[in-house]
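I opened a notebook page for this structure. My entries follow in the order I looked things up.

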Amino acid sequence: MGVVSGLICTEADGTISFGDYTLASKTKKDNFGHGGDMYKVKTFREITKLECNGVFVYESVPGTAVNNLAASGQEMSFLVEGPEDAEITLGLDENAEYEVLINGENAGTMKTNLGGKLTFCAELGTGSQTAVRIVKK
């Protein structure tokens, strides 16, 4: 799928896609309305960050492109791609346990910190998308 034209968009299935890791300088788009919420994305080759209603949702270092992000109270899923391996941090419920699945394989159970952040590494750079699914236990 590649980078997201316009930095952020709504997909036909109701999910959102965002990010452009090919940009040389930081670019942002805010006040993007989706499902009654307001999103803000900052992205370029070094970092991609997404906020919803001023609350942290996603960050990757280096920058990535995320497609078909869907989130509920119990689960978050998306496809991610980038030019190299990335450290991804998600904003979830604090002090909760989540099962992390990458390309359908269980990467283990992880616990969020007091701020609700969960961090993991994803092997990227293969030219294909990596499927990530996070399920609350």
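**Entry 1: a bridge partner**

Which residue in β13 does I102 stand opposite? I looked it up: the residue is V132. I then noted what I was working with. This is a predicted model, in which local features need pLDDT of at least 70 and side-chain atom pairs count only at pLDDT 80 or more, while totals for chains, interfaces and linings use all residues. Residues are numbered from 1 along each chain as its sequence is written, and side-chain values use heavy atoms, with hydrogens and water left out.

**Entry 2: inventory**

I counted 13 strands and 0 helices. Read along the sequence, the pattern is β-β-β-β-β-β-β-β-β-β-β-β-β.

**Entry 3: the sheet with β13**

I traced an open sheet of 7 strands, with antiparallel pairing, in the order β1-β2-β7-β8-β13-β10-β11. Here β1 and β11 are the edge strands; each has a single partner strand, so one side of each has no neighbour in the sheet. The twist averages 20° from one strand to the next. For such angles, axes are lines fitted to C-alpha atoms (for helices, over the stretch in contact), and the angles run from 0 to 180 degrees between N-to-C directions.

I counted two strands as paired if DSSP finds at least two bridges between them. I checked β13 (residues 130-136) against β10 and found 5 bridges, with the strands running antiparallel. Then I checked β13 against β8 (residues 75-81): 6 bridges, also in the antiparallel sense. M76 has I134 of β13 as its bridge partner.

**Entry 4: the β10-β11 hairpin**

I moved on to β10 (residues 97-102) and β11 (residues 105-111), which pair in the antiparallel sense over 6 bridges. The partner of E97 in β11 is K111. This hairpin has 2 residues between the strands, and N103 takes a positive phi near 50° there.

**Entry 5: the other sheet**

I traced an open sheet of 6 strands, again with antiparallel pairing, in the order β3-β4-β5-β6-β9-β12. What leaves one side of β3 (27-34) and of β12 (117-122) without a neighbour in the sheet? Both stand at the edges, each with a single partner strand. With direction ignored, neighbouring strands of this sheet are turned by 15° against each other on average.

I followed β3 to β4 (residues 37-44) and found antiparallel pairing over 6 bridges. G33 has M38 of β4 as its bridge partner.

**Entry 6: backbone exceptions**

I searched the backbone next. Most residues other than glycine have a negative phi, and most peptide bonds are trans.

The peptide bond from V61 to P62 is cis, with omega near -5°. I placed P62 in the loop between β6 (55-61) and β7 (65-71).

L7 is not a glycine, yet its phi is positive, near 75°. I found L7 in the segment before β1 (8-10). Is L7 buried or exposed? L7 counts as buried, at 11% relative accessibility. My cut-offs: buried is under 20% relative accessible area, exposed is over 50%, and partly exposed lies in between (1.4 Å probe, protein chains only).

N68, also not a glycine, has a positive phi of about 55°. I located N68 in strand β7.

**Entry 7: cysteines**

How many disulfides does a search of the whole structure find? I got 0. The criterion was a pair of cysteine sulfur atoms within 2.5 Å. For C52, the closest cysteine sulfur is in C9, at 16 Å, so the distance is too far for a bond. C52 is buried, with a relative accessible area of 14%. C121, by contrast, counts as exposed at 59%.

**Entry 8: overall dimensions**

I ended with the whole chain. The C-alpha trace spans about 35 × 35 × 30 Å along its principal axes. The radius of gyration is 14 Å, which agrees with the value near 14 Å for a compact globule of 137 residues. It is taken over C-alpha atoms, and the globule rule is 2.2 Å times the number of residues to the power 0.38.

Buried residues make up 42% of the 137. I also looked at contacts (heavy atoms within 4.5 Å). Among those between residues at least 6 apart in sequence, 47% join residues at least 24 apart.

Terms used. Helix = DSSP H or I, 4+ residues; strand = E, 2+ residues; numbered from the N terminus.
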